[in-house]
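Here are some notes to read alongside the structure. Please keep the 3D view open and find each residue as it comes up.

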Amino acid sequence: MADIRKLRRLMRQLEEQLVVCMRCGMCQAVCPVFAQTGREADVARGKLVLLDGLMQEMLDDPEGVRDRLQRCLLCGSCAANCPSGVNVLEIFLKARAILAGYLGLPPLKRAVFRRLLAHPETLDRVVEFGAVFQKLFARPVNEIVGTSCARFGSPLLADRHFRTLAAVPLHRRRPALNTPAGAAGLRVGFFVGCLIDKLFPNVAEAALRVLEHHGVGVFLPEGQGCCGIPAISSGDTQTFNDLVRRNLEKFDSAGFDLLVTCCATCTSTIKKIWPSLCDDDLAARARSLAARTMDISQFLVKRVKVGGPAAAAANGRVITFHDSCHLKKSLGVYAEPRDLIRANPVYTLKEMAACDDCCGMGGSFNFEHYGLSARIGRLKRDSIAATGCAVVATGCPACMLQISDMLSRAGDRIAVRHPVEIYAESFSAEGRKG
Amino acid sequence: MLSPALIREFKAQVGEDAVFTAAADLMTYSYDAAPLEPVTPALVVRPAGSDALSRAVRLCNQNGLPLTVRGAGTNLSGGTVPPAGGVVIVTNGLNRILEINAEDMYAVVEPGVVTAKFAAASQAQGLFYPPDPGSQAVSTLGGNVAENAGGLRGLKYGVTRDYVMGLEFFDVNGEPIKTGSRTVKCATGYNLAGLLVGSEGTLGVFDRITLKLIPLPAAQRAMVAVFDQADRASETVSAIIAAHIVPATLEFMDNFTIRAVEDYSRVGLPVDAAALLLIEVDGHPAQVKEDAERVEALCRQHGAASIRVARDAAERTKVWEARRSALSALAKLRPTLVLEDATVPRSKIPAMVQAVNDIGRQYRLSIGTFGHAGDGNLHPTILTDKRDKAEWERVEQAIAAIFDRALALGGTLSGEHGTGIAKACFLEKETGPATILYSRRIKKALDPNNILNPGKIIAAAP
């Protein structure tokens, strides 16, 4: 283990960001984890105090601080509600990286990040292998939500109702694309993202159909990697930088107007986290790509001018929309996905209560604290179910996973879709089965 | 450090999961929202029910452990900073609204209920709980009662004290004490609730609170009056009060605060204005109309450069958003924010505004002044960086000077934030030594081991 004085020196880098917190405690009003536990160490103010304590040599327990720092969804609700404007997410990610550098990564995470995540080709092979054999251990439970559960006891899956791996991931269906700008006069880079590629390729297919329909050229390079969020949120800067570098090489020399993704988490990672946390030698390129990156619904509404006053049916299929934290709180995008949904007259959008409350997924948080994650998710499920909807849409595949699990475990028969799928249905006949 | 046997005893009596001992957990209960030095407690307990709460209090007393009750930890005077080696009892696990009685217009709550949630639950039944401290989205009712919290509506509707009808609390031995009633009138026994409100956890530990509710006002009207000279605004405040009009809210904002708010939220405030008054009258529609017209006339008489009356709910919301963002806007300017709440008789508001400006100049500090001018409760807000030792010394001198001026004008050190640690050493200036001695005797009689939040309000007993 490295010298604790070195840890304190590294923590000093955070000082100017840490002093911004005035301990007012307003973060308690919005933190989904604190709402469940009432423990100060679970809310941003408590965590910021712990980082301060470590830095000021008032606390000598880096493991204790790391463990508490990991009990966070990184949903950004606190930052969005912070009177002093504390940049909570950046502080937490930097602190996680400093602490992981000092304490080392847990062996399992290290293996997963360094041997799989950092090597997309290996990850693809492992996942494809998994897709073939998943029927052996997974049994379908809810055909509307599209979930399965474990056939026998599994510590990894617990009693989750999960979405299975796609039989054919997107990179097999559409290994690469390079089409010129059409009627729209625009060309986009298409960043797929792991969950879309391996679990929800239909979302990407819908997006590509929509782009084609509107005459938007697409550049989709082979061999894209993960955006790096699983690695950086556990403090693995090495894997994170490897992935940023790889993705920058795939995209930043190609000619396109904007980079779009269907994943709110990927978009917010590329826009917010790449520029602020990547190595210095990548920073300028990361900033430049970040400035050109957009969520798919925002792109379609703002740039392609999809939507507008739609003749939405008053008695259409009821659909509700969940605001993913990374889309609304991080990127400020919430009107556009709704516009996209309203552009399909088959549906009637009915808002749920607390539509922007976090679903409790938080990526690896769900694996490390499943009980807590599920308690938060259950609240989201209740809000969704109370609308009486047939479909819930959300702009983030991680939220789609969590919401699918929660709906399925409650026995709800509600389909979970992406807004771009809903919009694509409106002009593609084969998509209408929903 | 507590002995393992004692920690086991706490776990047995309060609950295995309700006792925190890890250093990293303890540190998160070492502070509140006051800019004071943190003190880490020896133990934290978070009882989930009355019985566990009572047992925790008794165990502390039996073992001579100082005990600090904490709700959301948002108070601004250090009332929830524990003494070294102390036990913090967190009440946010006791968070049930036990009853809202619309017929008799009262409610019974546990101490950990969040203020804004309670206000919303009351409103859902057509009732009004007016106290609205700035931290209401997270503050607990137990904390509000312990600090006698105020808010924007103090002028017309009073403060937390005015809504406490009864209390059930534990004495230092964990025995249940009952005072007050759910009746409008109650003339039995000592008015112990009166003593316990604002006692900051030094005399007992709240278990249940009975709160008065009132009918919701039928109509409101909000307006913003712009002034070229700050003293004209503060004179207008005095004039409105002298005319015996009682607005629900009458807020003042100085130029420094106006510019900070406008930079931050771009709501269209006039950045050239020396001061603003944000005023709301409420009640019966006919009265609201008449009061609003009279207030408008008084503003003009006293030199308001312009007056904007909110025409609809959206405009009204905008007015109060501007006011509510004042603290956030100021907080973004410097790392440390010292929010004072010295309060003067309302006719002395012009003198106090002037005094704060003079003090800011004298000590070379940035002070934004806003607040509840209508009830005499201004918030001079000093912006600083606690790490700058020389400036921090000037801040402390400025605070003392603000207190001196407020007292000289016949006011008080604190309108709504409480005495806590921050103002304990100044209290004698306001009350005289006999009052401190009298208070210490009460404390000694009720808490002979001096374990109930020692060091708060009346400082250490000699």
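1. Domains of chain B. This is a predicted model. In it, 9 residues of domain 2 of chain B are in contact with 9 residues of domain 4 of chain B. The C-alpha centres of these two domains lie 28 Å apart. The domain assignment places domain 2 at residues 97-215 and domain 4 at 334-427. Chain B is also given a domain 1 (4-90) and a domain 3 (218-332).

2. Helix α10 of chain B. This helix covers residues 285-301, which makes 17 residues. From its first C-alpha to its last it reaches 24 Å, close to the 24 Å expected at 1.5 Å a residue. After the helix comes Gly303(B), which has a positive phi, near 95°.

3. The buried side of α10(B). Which residues of α10(B) are buried? They are Val288(B), Asp291(B), Ala292(B), Val295(B), Leu298(B) and Cys299(B). Around the axis they cover an arc of only 130°, so they sit on the same side of α10(B). The cover over these buried residues includes two strands that can be found by number, β12 (219-227) and β14 (275-283) of chain B. It also includes α8 (230-242) and β15 (304-309) of chain B.

4. Salt bridges in general. Side chains of opposite charge can pair when their charged atoms come close. Over all chains, the structure holds 52 salt bridges. The next points take up some examples.

5. Asp60(A) and Arg8(A). These two form a salt bridge, with their closest N and O atoms 3.6 Å apart. Asp60(A) is in the loop between α4 (44-55) and α5 (62-70) of chain A, while Arg8(A) is in helix α1 (residues 4-12) of chain A, so the pair ties together parts that are 52 residues apart in sequence. Are the two partners buried or exposed? Asp60(A) counts as exposed, because its relative accessibility is 59%. Arg8(A) counts as buried, at 12% relative accessibility.

6. A bridge between chains. Arg39(A) and Asp25(B) meet through their side chains in a salt bridge of 3.1 Å, N to O. This pair crosses between chains: Arg39(A) lies in the loop between α3 (32-37) and α4 of chain A, and Asp25(B) lies in helix α2 (residues 23-27) of chain B. With a relative accessible area of 24%, Arg39(A) is partly exposed. Asp25(B) is buried, at 7%.

7. Asp197(A) and Lys198(A). The side chains of this pair meet in a salt bridge, at 2.8 Å from N to O. Asp197(A) counts as buried, with 7% relative accessibility. Lys198(A) is buried too, with a relative accessible area of 10%.

8. A network. Salt bridges link Arg12(A), Glu15(A), Glu16(A), Asp385(B) and Arg387(B) in a network.

9. A buried charge without a partner. Glu262(B) is found in helix α9 (residues 255-265) of chain B. What is the nearest side chain of opposite charge to Glu262(B)? The answer is Arg266(B), 4.8 Å away. A salt bridge needs a nitrogen within 4 Å of a carboxyl oxygen. Glu262(B) is buried yet has no salt bridge. Leaving out residues up to four places away in sequence, Glu262(B) touches Val267(B), Gly268(B), Leu269(B) and Val271(B).

Definitions and conventions:
Residues numbered from 1 in each chain as written. Chains lettered and ligands numbered in written order. Predicted model: local features only at pLDDT ≥ 70, side-chain atom pairs only at ≥ 80, totals over all residues. Heavy atoms only, no water. Helix = DSSP H or I, 4+ residues; strand = E, 2+ residues; numbered from the N terminus. Expected span 1.5 Å × (residues − 1). Buried < 20%, exposed > 50% of the residue type's maximum accessible area, 1.4 Å probe, protein only. Arc of directions from axis to C-beta. Contact = heavy atoms within 4.5 Å. Lys, Arg positive; Asp, Glu negative; His and termini not counted. Domains from an automatic or database assignment.
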